[in-house]
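Hi,

Here is the structure I promised to hand over. Have a look first, and then read on for what turned up in it.

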Amino acid sequence: MFKLLYPKLYVAKLFDIDLAELQKKGICAILLDLDNTIVPRDQDCCPGEIVQWIKKAKNHGFKLCIVSNNSPARVQALASSLAIPAVYRAVKPARRPFIQAMKLLGVAPGQTAVIGDQIFTDMLGGNRLGLYTILVAPLPGREFWATRLFSRRLEKLILCRLNRNKPGGTLAR
C-alpha cells in the first residue's frame with residue numbers, strides 16, 4: 001500500500017531534476033501539477049525561473065502537459081501562457097486525467113513522468129499507472145485549506161517512513 005505513495009525521486013526544487021537522466025530512463029513526457037509545483041497557489045503567473053525550466057525541458061525534447069485539480073479558467077490561462085496543453089478539474093489521484101494527458105501528448109506510461117508537490121494526489125495517481133513519479137517540495141505561498149490541514153500532516157508521516165527506508169540520506173520537506 002505505502003509503495004503507491006512513494007515517489008521514485010524526491011527533490012527540493014524543480015531545478016534539481018536532471019532532465020538528461022530522465023531521458024536515459026526513456027522518459028519523453030512530463031505531466032506537471034500546477035499549484036505549488038510550477039506556480040504558487042496565490043499567484044496568477046509562473047515565476048521567471050520556472051518559465052525558463054519549462055523552456056529548457058522543451059528544448060530537451062520533452063512533451064509537457066499540466067494536470068491540475070484547479071478550475072478551467074486558472075489552468076487554461078497559465079497553460080496558454082506557457083504554450084502547453086492542460087487537463088483541469090482532474091480529480092487526482094483518479095487515473096482518467098493522467099490517461100487523458102498522455103493521450104494529448106501521444107505517449108505511454110513508461111515514457112511519462114509526473115511532477116507534483118503532493119503525495120496523495122500526484123504521487124498516488126502517477127504510481128497507480130506506473131508513471132515515473134517525482135515529488136518536489138511545495139513552492140512557498142498560501143495553500144488550499146484542506147491541503148494544509150489534512151494532506152500535509154499525513155505527508156509528514158509518509159516522508160518520515162520514507163526517510164527511514166532511504167539508504168544514505170534523508171528527504172527534507
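A contact, as used below, means heavy atoms within 4.5 Å. On that basis, of the contacts in the protein chain between residues at least 6 apart in sequence, 66% join residues at least 24 apart.

Some ground rules before the rest. This is a predicted model, where local features need pLDDT of at least 70 and side-chain atom pairs count only at pLDDT 80 or more, while totals for chains, interfaces and linings use all residues. Residues are numbered from 1 along each chain as its sequence is written, and side-chain values use heavy atoms, with hydrogens and water left out.

How far can you trust it? The pLDDT (the predictor's confidence in each residue, from 0 to 100) has a mean of 86 for the protein chain, and 80% of the residues reach 70 or more. Over residues 167–173 it stays under 50, and the model has 18 contacts beyond four places in sequence for that stretch. Where pLDDT is low, the predicted coordinates should not be read in detail.

Now the overall layout. The protein chain has six helices and six strands, counted as DSSP runs numbered from the N terminus (helices: H or I, at least four residues; strands: E, at least two). Along the sequence they follow the pattern β-α-β-α-β-α-β-α-β-α-β-α. Of the 173 residues, 48% count as buried, which is to say under 20% relative accessible area; exposed is over 50%, and partly exposed lies in between (1.4 Å probe, protein chains only).

On to the inside. A nonpolar core here is a set of buried Ala, Val, Leu, Ile, Met, Phe, Trp, Tyr and Cys residues joined through side-chain atoms within 4.5 Å. The largest one has 29 residues, and Ile17, Leu22, Ile30, Ile38, Trp53 and Ile115 have the most contacts inside it. At least two residues of this core come from each of α1 (19–24), β2, α2, β3 (63–67), α3 (72–82), β5 (112–116) and β6 (132–136). A second, separate core of 14 residues includes Phe98, Ala101, Met102 and Leu129. Back to Ile17: leaving out residues up to four places away in sequence, Ile17 touches Val11, Leu22, Trp53, Ile115, Ile134 and Val136.

Helix α4 is worth a look too. Its buried residues are Pro97, Phe98, Ala101, Met102 and Leu105. Seen down the axis of α4, they fall within an arc of 135° (taken from the directions from the helix axis to the C-beta atoms), so they line one face of the helix. Their cover includes β2, β3, β4, β5 and α5 (119–128). After α4 comes Gly106, with a positive phi near 70°.

- The peptide bond from Lys92 to Pro93 is cis, with omega near 20°; Pro93 sits in the loop between β4 (86–87) and α4 (95–105).
- Arg89, in the loop between β4 and α4, has a positive phi of about 45° although it is not a glycine. Arg89 is exposed, at 53% relative accessible area.
- Asn36 is not a glycine either, yet has a positive phi of about 70°. Asn36 lies in the loop between β2 (29–32) and α2 (48–59) and is buried, at 4%.

Lastly, the cysteines. There are zero disulfides in the structure, a disulfide being a pair of cysteine sulfur atoms within 2.5 Å. Cys65 is buried, with a relative accessible area of 0%, whereas Cys28 is partly exposed at 26%.

Cheers
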